[in-house]
Amino acid sequence: MAIDCLVLGAGQEVGKSCVVVSINGKRIMFDCGMHMGYTDSRRYPDFSLISKTGDFDNALTCVIVTHFHLDHIGALPYFTEVCGYKGPIYMTYPTKALAPLMLEDYRKNMDRRGEGEQFTAEHIAECMKKVIPVDLKQTVQVDKDLQIRAYYAGHVIGAAMFYAKVGDAAMVYTGDYNMTPDRHLGAAQIDRLQLDLLITESTYATTIRDSRYGREREFLKAVHNCVAAGGKVLIPTFALGRAQELCILLEDYWERMNLKIPIYFSAGLTIQANMYYKMLINWTSQKIKETYATRNAFDFKNGTNLAEIMINGFHQFTYFLDPAIAKFLLLRIRNFDRSMINAPGPCVLFATPGMIVGGFSLEVFMQWAPSENNLVTLPGYCVAGTIGHKLMSGKPTKIDLDKDTQIDVRCQIHQLSFSPHTDAKGIMDLVKFLSPKHAILVHGEKPKMATLKERIQSELGIQCYCPANNETVTIPSTHYVKADASDTFIRSCLNPNFKFSTCSSVDKSYLDSNGSKAISRLSVSDDRVSEGILVVGKGKKAKVIHQDELLNTFGEKKHEIQFAYCFPMHMNRTENIPSASDLLCSLDRCTLISRLSTILSNELSEGNILDLGEQLQVESFRASVCLSDNCPHRLSGSFQNNSESVFFCCCWAVADEKLAWKIISIMKGSTLQTT
Amino acid sequence: MKFTCLSKGGGFHFPPCHMLNVCGFRILLECPLDLSSLAIFSPVPVGLEVHEPLDSESVARKKQKIEKTLDANDLVRAEPWYKTVKNLHLWDPSFIDVVLISSPMGMLGLPFLTLSKDFSAKIYVTEATARIGQLMMEDLVSMHMELKQFYGPGDASFPRWMKWEDLEILPSELKKIALGKYCEELGAWMPLYSAVDVKDCMKKVQTLKYAEEACYNGTLIIRPFSSGLEIGTCNWTISGPKRNVAYISSSIFVSTHAMDFDFLGLRGNDLMIYSDFSSLDTTENMENDDTCFDPVTYTSSNVSDDVNNLEEIAASLLKDDESREEMEKLAFLCTCAFDSVKAGGSVLVPIDRLGIVLCLLEEISLLLESSSLKVPIYIISSVAEELLAFTNIIPEWLCKHRQEKLFSGEPLFAHVKLIKEGKIHLFPAVHSIELLTNWQEPCIVFCPHWSLRLGPVVHLLRYWCLDPNSLLILESGVDANLALLPFKPMEMKVLQCSFLSGMSLQKVQPLLKTLQPKLLLFPKELRCKIQISEANTIFRYSENETLRIPTSKESTEIDIATDLASKLRWKPLKKETITRLDGELVMDQGKHRLLSGFRPADSKQQRLLLHWGSPDLKGLLTELSKMGITGTVKKVSDEAEPENAAGIIDIVGPEKALIDVRETGTVIIAANDNLASHIFKAIDIVLDGI
């Protein structure tokens, strides 16, 4: 059995996440994203690799989308409506609710960029109808064999990691996740699962971030410095996602510093977002959930006013945390239209789309970039090919938009160093926590991924891969052999059956100086499992039975093999007793045994010596004084019977073979003292 | 497996309660309160005349009164106690391992259980049920406080009404509620828990998401699937290594508000516990009319090969018109309420079914909106605000068309908008200042409690009971005669309406056909109402009777890791191949797994050995000679069969030794460890062993 993992997107890059995993005959597509850096066919994953004939319904068991970011869901309407996939699609409730907003926003932007439509508004609506929403931790039985489950991923509202299990093979696809809680979302949470494969994002494969607080302050300082000097701050963001977090940050800061500089919003978001977040409060962080008592944190006392303003104006950005922010927005947030781009005075502007892909943010950027006073803040990561990416790589003074247009860039660039993605430590923590048999890295940059891969392999000992796009990685999958176990075996396994034994180990360090010194250690063994016997017959299911049941099953009788040896032990008598052989009374025998026991306990470092009166027992080894001349365990002719020795008849089982011979050699080498 | 029905309950507000013993774990199913028995108490503001002392004369007078019809003075005038499940106190709470709660109603008795000293069970409740249940308990506590203030601090340990002499003089109707049919239920009465107890109880509750798997002790996998009865209510599957159980509480296939009955999630279980007694309440009257259902036979034929048929049945279960009927019922109620307010009378709705209230709110306000009538709707409850707010943030537990509202960005229920528009007003209590300043009549009031003994309804009912224009809407199932006793004479119109609170019996057949359980536990009471052919094993249960259900699986399945299996040393026998097991047996997610363990190397030699058969002496000699050991058969006890029989082998070289072979065992006598172990090896080869 094997798991085949075909990476259609986000292999050694960020953008168009799409991985197709074949696992025990089931084929799952994780994410169906688009690449923001391309405008040609490269923006979509190469779906023809899934099915040459285009029969995706039979080629795929289901599609799973982890969250509503376009690089994870952007190609979905195209895949379902244009390519014709009609099978099940799973995503969380918030993702299903918010994805259409993102897609619609993107579609409109594409119009503006003049690229022509890849899919229409109807396509989006039709596509979303096919989506089956799931709750966190809800175990969904996709079909008889395939089980999937979503876990909280942090990243954005509704983001989830997905667990998939077919038969004995299991895997997790993380999507994007954040291992540290941010201002409104919790940290990723997952159970300790037994996994064959973990596919994880690796956006920050080598970055280790220190405290969030310091990073946030850096951002605020940069913004404050700029507006204090009369500059304009442009924050290009996507409609939904982390921009909300920056808004909360700025609000806090403005309040504290008593700043009056206006903050503007220009976003392609709809008024409805407010409503969505109110209904989805269960998906935010524990802290926000707890503060929710009678009033929803996304509910505002001045809600109607706010709504009016938002309808009249066009800053429809409505993702807030508490009434304080609502108040802030009422006081400070102004309408923003194109005529204000060149208005004098400082300001802060949130504009879509993020990464300055095009649209309004590009329009504003073209106007503001030539001034040194102005500031552009960019998220921690921008997809290759976007203007954002160009700004971040090096310090360009000129950017060529197209053949005819060139932008002078003199403004300051600030790169945000906090992000809703986990850092390298978080990735390592997750991989270590889940301890999968194999790991695959996607959604990152090639050289950094290679470094992380090395770390995972060397530090965690987990086989790791980072395939490029359109490559397939094949790994073996867990498979269990099924057997029926008898009740006796199960019952005997339920009862602890520890055996304690002292075993000697020779400490090598003493060997040179004082000869060997035996150190006795208590060892605990538990033979419960090895009492089980696996029986495989032709045409029958394998069966596990307890060894006691075995003979009954076969109708055989037990045959016990024992060792026995009867030999004389030297005896030193101080009292003169006529003959050793005939006068040993039972009392004497007991004395002899107890003497022997003393000798053994001095010499023997292992085993549990039991003095049973007329018999001595060490594990299965038993010794007793033998008075019979023709004891069957005596090897004839080897010993002469004399008064200076007494015979001991010993027997033992094979398990204590070594121990027995050790005892015998001790016995042979010592002398019994009798008084 | 053992199953005991502790109580078959009574209606929507008092679900059945069972004790299940599966895989060695004791599971309590539901922990409700019988709030209908509150009827024996007098609601506070009624009959304010001083409670006369019980002299012998009045006792005698009251004894004679038994024959007369009940009146308000017969009710117990004391701080009410609450009746728990009558047989539950016979069980030691410390022996319960797991508690499963399917609905908020099934949760009301839980603080009594968590209060008991050695209680340590894991309680599983769905997230939504836990929240709604908590609010219901808090509401109950706050309503009770009002009564407590009236009666003052009394002797909480043993109230006067529970003394035998007082119980004796109770009218038979009330006595039956207080003591039960056989006077055995007095022990079930408890003084109410406190708000702190509720909080403590909630801390012990483990909440589950929709269809989330919970694994108890590594052995039992427990999953909730929606039952459609109310928001957050569920049915359970419990799977252990030897048993898969589906527990079906009262379920509604297509709900008007909650997530539909997810019966497909219950497939693949070999035992089904049917615990939907709702048809018992609704068909009680029909028994007399002799209208029996067509005896549909249920045969567990192999429908599995006929997948289409199965899907058809499943579809037919869902397509039915129950929810439409329910909506028509609601529409009717709304028109009645509308007519009443049009005539200037107010409407009082003491219905405590969240879903019904939410739907009624929407329907009535739609109706009012379409007319020009401006009538306010009041909701009076200490938890109304929280409850209504909560219903709007759990799209995961609502029916499909409500979920669609989430996806199109509309509020899940219309009450959000109506509250904002000032059409619905929420007040925590009757005496709140906002209510007094806003009050306007006629109006429509929703308030607890349906027993008409607690909460704001008592005050309002007393206020309106003489107004013939006003309307009281009650749930059927409430004994209206007894419930309205303290408010008589009543001029007010009373409308009693039954709501769907479970599946109809006609649907049991197709449901069984879809789920195909091998064993079925079915209530005895429903036996005459339905005929299920005995093709599959049916156990009929009745209250307080323990059923022992035989194990269906002979053996337990065990998973052996492939890497371990490949390392096992196999020994071929005549028919089978056998091997001794190795590794570690773990219990994970209800499955026995054998994984390669970390055993120390030296323990290998300590292996247990088992031999059988009897050694062939000649063969043994051959094996020995291969090892360079020579010897002869010295003595054969059975001359006729020298090959297989017992004997003694005399070893002469390299050293002297003896092998004493007998029928049941062999003894190796040697003076040298090396020789002894060689001989052992030779015997091991000749014999069968492991």
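Is Asp588(B) buried, partly exposed or exposed? Asp588(B) is partly exposed, because its relative accessibility is 25%. The notes below start from the chain and end at local backbone geometry. The model is predicted.

1. **Chain A overall.** Chain A carries 21 helices and 33 strands. Of its 675 residues, 55% are buried. Its exposed surface comes to about 27,900 Å², with 50% supplied by carbon and sulfur atoms. Take contacts in chain A between residues at least 6 apart in sequence: 70% of them join residues at least 24 apart.

2. **The A–B interface.** On chain A, 82 residues are in contact with 91 residues of chain B. The size of an interface is often given as the accessible area lost when the parts come together. Here chains A and B bury about 7,300 Å² between them. Carbon and sulfur atoms account for 58% of that area.

3. **Polar links across the interface.** Six salt bridges run between chain A and chain B. There are also 21 residue pairs in polar contact between these chains, both residues at pLDDT 80 or more. By class, the chain A side that touches chain B has 37 nonpolar, 18 polar and 27 charged residues.

4. **The salt-bridge network.** Over all chains, the structure holds 37 salt bridges. One network links Asp168(A), Lys482(A), Asp559(B), Asp588(B) and Arg593(B). Within this group, Lys482(A) pairs with Asp559(B), and their closest N and O atoms are 3.2 Å apart. Arg593(B) pairs with Asp588(B), with the closest N and O atoms 3.2 Å apart. Arg593(B) counts as buried because its relative accessible area is 8%, under the 20% cut-off.

5. **A second cross-chain pair.** Lys209(B) and Asp135(A) meet in a salt bridge, at 3.9 Å from N to O. The pair crosses between chains. Lys209(B) sits in the loop between β9 (205–208) and β10 (214–216) of chain B. Asp135(A) sits in the loop between β6 and β7 of chain A. Lys209(B) is buried, with a relative accessible area of 12%. Asp135(A) is buried too, at 2% relative accessibility.

6. **A pair within chain A.** The side chains of Lys26(A) and Asp143(A) form a salt bridge, 2.8 Å from N to O. This one links distant parts of the chain, 117 residues apart. Lys26(A) belongs to strand β3 (residues 26–30), while Asp143(A) lies in the loop between β7 and β8 (146–152). Lys26(A) is buried at 16% relative accessibility. Asp143(A) is partly exposed, at 23% relative accessible area.

7. **Positive phi in chain A.** Lys137(A) is not a glycine, yet its phi is positive, about 65°. Lys137(A) is found in the loop between β6 (131–134) and β7 (139–141). At 29% relative accessibility, Lys137(A) is partly exposed. Ser435(A) also has a positive phi, near 40°. The place of Ser435(A) is the loop between α14 (424–434) and β20 (438–444) of chain A. Ser435(A) is partly exposed, at 45% relative accessibility.

8. **Cis peptide bonds in chain B.** Pro442(B) lies in the loop between α14 (433–438) and β18 (444–446) of chain B. The bond from Lys488(B) to Pro489(B) is cis as well, with omega near 0°. Pro489(B) falls in the loop between α16 (480–483) and β20 (493–497) of chain B.

Note on methods. Residues numbered from 1 in each chain as written. Chains lettered and ligands numbered in written order. Heavy atoms only, no water. Helix = DSSP H or I, 4+ residues; strand = E, 2+ residues; numbered from the N terminus. Buried < 20%, exposed > 50% of the residue type's maximum accessible area, 1.4 Å probe, protein only. Contact = heavy atoms within 4.5 Å. Areas by Shrake-Rupley, 256 points an atom, 1.4 Å probe, with all protein chains shown as cover. Buried area = accessible area lost by both parts, 1.4 Å probe. Salt bridge = Lys/Arg side-chain N within 4 Å of Asp/Glu carboxyl O. Polar contact = N/O pair within 3.5 Å; in protein donor to acceptor, adjacent residues only side chain to side chain. Nonpolar A, V, L, I, M, F, W, Y, C, P; charged D, E, K, R; others polar.
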